[in-house]
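Student: I would like to learn how to read the place where two chains meet in a model. Could you take me through it step by step?

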Amino acid sequence: MSATVIRVEALTKHYQQVVAVEDLDFTVTTGSVCGLLGGNGAGKTTTLSMLLGLLLPSAGSISVLGADMLRERHRVLGRMNFSSPYVDLPHRLTVAENLGVYARLYGIRRRAERLAQLGADLDIGDLMHRAYGNLSAGQKTRVGLAKALLNAPELLLLDEPTASLDPDTADRMRRYLMEYKAQSGATVLLASHNMLEVERLCDDVIMMRAGRIVDRGAPSALLARYGRQTMEDVFLDIARERDAGTRRAAP
Amino acid sequence: MNGAPRAFSAGRVYAMVLRYVYLLRRSWPRILELAYWPTMQMILWGFITQFLVGHSAWLAQASGVLLAGVLLWDVMFRGQLGVSTVFFEEMYSRNLGHLFASPLRPYELVLALLTISLIRTLIGVGGAALLAIPLYHYSIFDMGLPLLAFFVNLLVMGWAIGLLVSAMVLRYGLGAENLAWVAIFAVAPVSGIYYPVSVLPDWLRVVADLLPASHVFEGMRAVLIEQRFRLDLLVNAVLLNVVYLALGVAVFLSVFRAARRRGLLLNVGE
């Protein structure tokens, strides 16, 4: 039986009267790629933020890599990392300066070697001496991924990991992530709107709507349950509040 | 690849200081801005001193008292700006999420902010102080060791105010960033920069007594006019600064925790 990397119990986040997430319970096992799927405002980014300790929950518990994230998150922050289009890097620093600063924050010893390796792997070697603010959206996404991989994390949290990438680059990034996962045994939790990406990468998918988990399973199981050919159709069923039972009955 | 997690890492503080040095190095207008205001103030007050020295018996006792006042006041002002404006950079660049998902601790960020504030203050005020030597034949460095005591105390008070301002801006958003430019002037009239606190009404003297800066400026005048170092004033300033800095750090860390509750580390803005 695989070990649990993430264990979330009764996780709730309220902003005064607004419910961002409500009573989430889920686990993610070592070495798996789990997708968090849901429409805008479903609570995916809120959930990822709480897993990172950037946001404190209103109730519930989060354990990541064996650490209680509400009390001892610093014990494991060096073993995890994340990328998100909602968080930026300083624009006036070069890519190498930005990554170098984060390499130091994560306590990486052979920084130049690691940067060169990631530069080659993610095809950002030529961008290293350019100001981050001058990069295109796709280039910034790749630099964000490089930052997320700097410390070779055991747990990688990715929010829209291929946002702004052209199909060719997005495909290469997905391949790279899969290779990284296969080589390192890392666990990946990704939030995405890209259904193709979810079908390709994820062993397990958590479907969210209005801050709650409404379904969960392997992509193939979800397709079968909803009687659909693609995850996009499953997504639409869930977003439009047609669950597996009503979907079969619907015309 | 990763070392065991440590509660404090000088390497992480150094990483943040390096980041702020990169930022400074990338923008020559920012370097110029650091020295511009202290230099203009020094030039202005240098001419005022030259004029007043022939018209004021008090000023004639120690012609450098106004220039020393303006330079030391700028230590406090630059010290405060060095903390708050650099912290605002993190908010402008929407970088707080990355920073605090890393092993960086909030108090390590505070230490990095204080360090870069010291560097920026030395660049800004140091340049003006050196320029005063050829321009007005006045060297603040002639004060000797007491100057170091004054510098440190004013810098620490600037840090405390800088942390409080940063906390307010983290809490209320960048719409409150102008606090950085105005907050410190609330204490200027009662700090006795250019005049003894004895000119203040009694009730304001009580307020002045609670400010480390007023003890420093009284001490400065004792050195320049009476040629004696007032240890009692230094002790007062140090004790008050311990309280102020502790308060500044405590408020900053407390607002930081509140920011995690409110989701402000990811959604910074106005």
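Tutor: Let us begin with what counts as a contact: two residues are in contact if their C-beta atoms, placed from the backbone, lie within 7 Å. Please keep in mind that this is a predicted model, with an ipTM of 0.90 and a pTM of 0.93.

Student: How many residues does the contact take from chain A and from chain B?

Tutor: Chain A gives 31 residues to the contact, and chain B gives 30 residues. On the side of chain A that touches chain B, the elements giving two or more residues are α1 (44-52) and α2 (95-105) of chain A, and the largest share, five residues, comes from α2(A). Sorted by class, that side of chain A has 17 nonpolar, seven polar and seven charged residues.

Student: At what angle do α2(A) and helix α1 of chain B pack?

Tutor: The angle between α2(A) and α1 (residues 10-25) of chain B is about 165 degrees, and their axes are 8 Å apart. Because angles over 145 degrees count as roughly antiparallel, α2(A) is roughly antiparallel to α1(B). The crossing in which α2(A) passes α1(B) is left-handed.

Student: Which residues make that contact?

Tutor: From α2(A) come E97(A), V101(A), R104(A) and L105(A), while α1(B) contributes G11(B), R12(B), Y14(B), A15(B), L18(B), R19(B) and Y22(B). By class, the residues of this contact divide into six nonpolar, one polar and four charged.

Student: How is confidence judged for chain B?

Tutor: In general, where pLDDT is low, the predicted coordinates should not be read in detail. Chain B averages a pLDDT of 93, and 97% of the residues score at least 70.

Notes. Residues are numbered from 1 along each chain as its sequence is written. Chains are lettered from A and ligands numbered from 1 in the order in which they are written. This is a predicted model: local features need pLDDT of at least 70, side-chain atom pairs count only at pLDDT 80 or more; totals for chains, interfaces and linings use all residues. pLDDT is the predictor's confidence in each residue, from 0 to 100. Helices (H or I, at least four residues) and strands (E, at least two) are DSSP runs, numbered from the N terminus. Ala, Val, Leu, Ile, Met, Phe, Trp, Tyr, Cys and Pro count as nonpolar, Asp, Glu, Lys and Arg as charged, and the others, Gly among them, as polar. Axes are lines fitted to C-alpha atoms, for helices over the stretch in contact, and angles run from 0 to 180 degrees between N-to-C directions. Angles under 35 degrees count as roughly parallel, over 145 as roughly antiparallel, 65 to 115 as roughly perpendicular and the rest as oblique. A crossing is left-handed if the near helix is turned anticlockwise from the far one by less than a right angle, and right-handed if clockwise.
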